[in-house]
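Colleague: I am new to reading models, so please take me through this one step by step. Let us look at it together before I start asking.

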Amino acid sequence: MTQKINWGIIGPGKIAKKFTTSLREVEDANLYAVASRDLQRAEEFAKENDATKAYGSYEEMLRDEEIDVVYVATPHVFHHEQTLLCLQHKKAVLCEKPFAINRQQVEEMIAAAKENNVFLMEAMWTPFLPHIKYLCEILDSGKYGKVKYLSADFGFYFPFDENSRLFRKSLGGGSLLDIGIYPVFLALHTLGLPEKVEATAQMSKTEVDEVCDVVFSYPNGAKAELHSNVTKDTPTTAYFELEKATIKIESKWHNPSTVVITTAEGTESKTFDVASFGYEYEARHVQEMLRQGKTESDVMSFDKSRELISMLDDIRKKIRLEY
């Protein structure tokens with residue numbers, strides 16, 4: 001691998017723009033190329049973000065031997081197909097969440113990564129963010145006892161538009177896969193796999209979930225109440241009730257934020273700021289894994305992605321959302 005790690009981008013949209021901005025904060029990272037089925041769009045993105053090359057086809061970019069790793073930033077339904085294409089070209093992949101539409105697709109992606117001996121990771125940035133790492137250190141220490149209750153929400157107002165990616169069933173639309181995935185992951189990351197899953201949803205005219213409510217129940221009596229919503233702005237906070245304290249991650253909890261700990265002795269808080277949007281932490285981790293010659297993340301592992309997609313599949317089944 002060259003001294004600098006050359007990144008390629010598939011899907012020059014809003015999320016890719018944020019990611020490439022954060023990539024500037026990563027040591028030895030170089031935005032080398034961008035590919036779109038629309039060459040003009042790729043060229044405009046390359047110019048705006050200082051990428052060296054622009055390609056009008058994914059295959060053409062993937063044949064470029066200078067590329068070390070590809071960030072897949074297209075709508076959900078294309079992740080499986082495009083990740084497989086990258087892996088077949090022996091390119092390492094950081095694929096935006098959700099990894100794919102269902103467990104079967106995820107298993108095929110993992111199998112292809114193993115078959116081609118190439119690095120693959122789901123771009124779930126949550127476990128890499130400093131405030132979440134801080135939270136987990138506190139929970140793991142046991143100093144405040146066990147978690148008895150978690151509530152986490154993510155909601156924003158988006159006017160209904162049947163042509164929007166968010167509401168199109170053909171593009172994997174709905175609140176669950178787009179933003180509900182964050183509360184679900186937080187529960188899995190801090191409490192593990194639940195014993196029981198309950199879910200209800202409010203469906204849009206296009207038959208995707210506008211609102212989704214999920215309850216995880218655990219053998220020790222702990223509960224997690226999780227909410228996603230694209231019909232209104234919600235507090236977008238995360239709240240943990242422990243035996244000896246409460247911990248609140250203030251809005252917007254899925255971004256670097258403030259963690260507030262309240263005990264009988266009083267309240268303390270810690271605010272986490274980042275140089276960019278926060279994607280630099282997962283990108284830095286990917287580069288570290290590549291330099292170590294690893295083909296799987298030791299943080300966002302294949303098993304973590306399996307657990308996450310299995311939960312999402314289970315929830316979709318309960319709310320009768322089929323793609």
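Modeller: Here is a term to begin with: a residue is buried under 20% relative accessible area, exposed over 50% and partly exposed in between, with a 1.4 Å probe and protein chains only. This is a predicted model, in which local features need pLDDT of at least 70 and side-chain atom pairs count only at pLDDT 80 or more, while totals for chains, interfaces and linings use all residues. Residues are numbered from 1 along each chain as its sequence is written, and side-chain values use heavy atoms, with hydrogens and water left out.

Colleague: Let me try the term out. Is Glu207 buried, partly exposed or exposed?

Modeller: Start with its place: Glu207 is in the loop between strands β8 (196-203) and β9. Helices (H or I, at least four residues) and strands (E, at least two) are DSSP runs, numbered from the N terminus. The relative accessible area of Glu207 is 49%, so this residue is partly exposed.

Colleague: What is the phi of Glu207?

Modeller: Glu207 is not a glycine, yet its phi is positive. The value for Glu207 is about 65°.

Colleague: Lys90 also interests me. What is its phi, and where does it lie?

Modeller: Lys90 is a residue other than glycine with a positive phi, near 60°. As for its place, Lys90 lies in the loop between α4 (79-88) and β5.

Colleague: Which residues does Ala16 touch?

Modeller: Contact means heavy atoms within 4.5 Å. Leaving out residues up to four places away in sequence, Ala16 touches Ile9, Gly11, Phe45, Tyr71 and Ala73.

Colleague: How far apart in space are Ala16 and Glu108?

Modeller: Along the sequence, Ala16 and Glu108 are 92 residues apart. In space, going from C-alpha to C-alpha, Ala16 and Glu108 are separated by 24 Å.

Colleague: On to Thr236. Where is it, and is it buried or exposed?

Modeller: Thr236 sits in the loop between β10 (223-229) and β11 (238-242). Its relative accessibility is 0%, so Thr236 counts as buried.

Colleague: What surrounds Thr236; which residues does it touch?

Modeller: Again, residues up to four places away in sequence are not counted. One part of the list is Asp153, Phe154 and Gly155.

Colleague: Now for helices. What span should α8 have, and how far apart are its end C-alpha atoms?

Modeller: The expected span of a helix is 1.5 Å times one less than its number of residues. Helix α8 (residues 280-291) has 12 residues, so it should span 16 Å. The end C-alpha atoms agree with this, being 16 Å apart.

Colleague: Which elements do the buried residues of α8 pack against?

Modeller: The buried residues of α8 are Glu280, Glu282, Ala283, His285, Val286, Gln287, Met289 and Leu290. They pack against α1 and the strands β1 (5-10), β2 (29-35), β4 (69-72), β5 (92-96) and β6 (120-123).

Colleague: Which residue with a positive phi follows α8?

Modeller: Phi is near 75° in this residue. The residue that follows α8 is Gly293.

Colleague: Let us finish with α6. How far apart are its end C-alpha atoms?

Modeller: In α6 (130-141), the buried residues include Pro130, His131, Ile132 and Tyr134. Just after α6, Gly142 takes a positive phi of about 75°. Because α6 has 12 residues at 1.5 Å a residue, it should span 16 Å. That agrees with the distance between its end C-alpha atoms, 17 Å.
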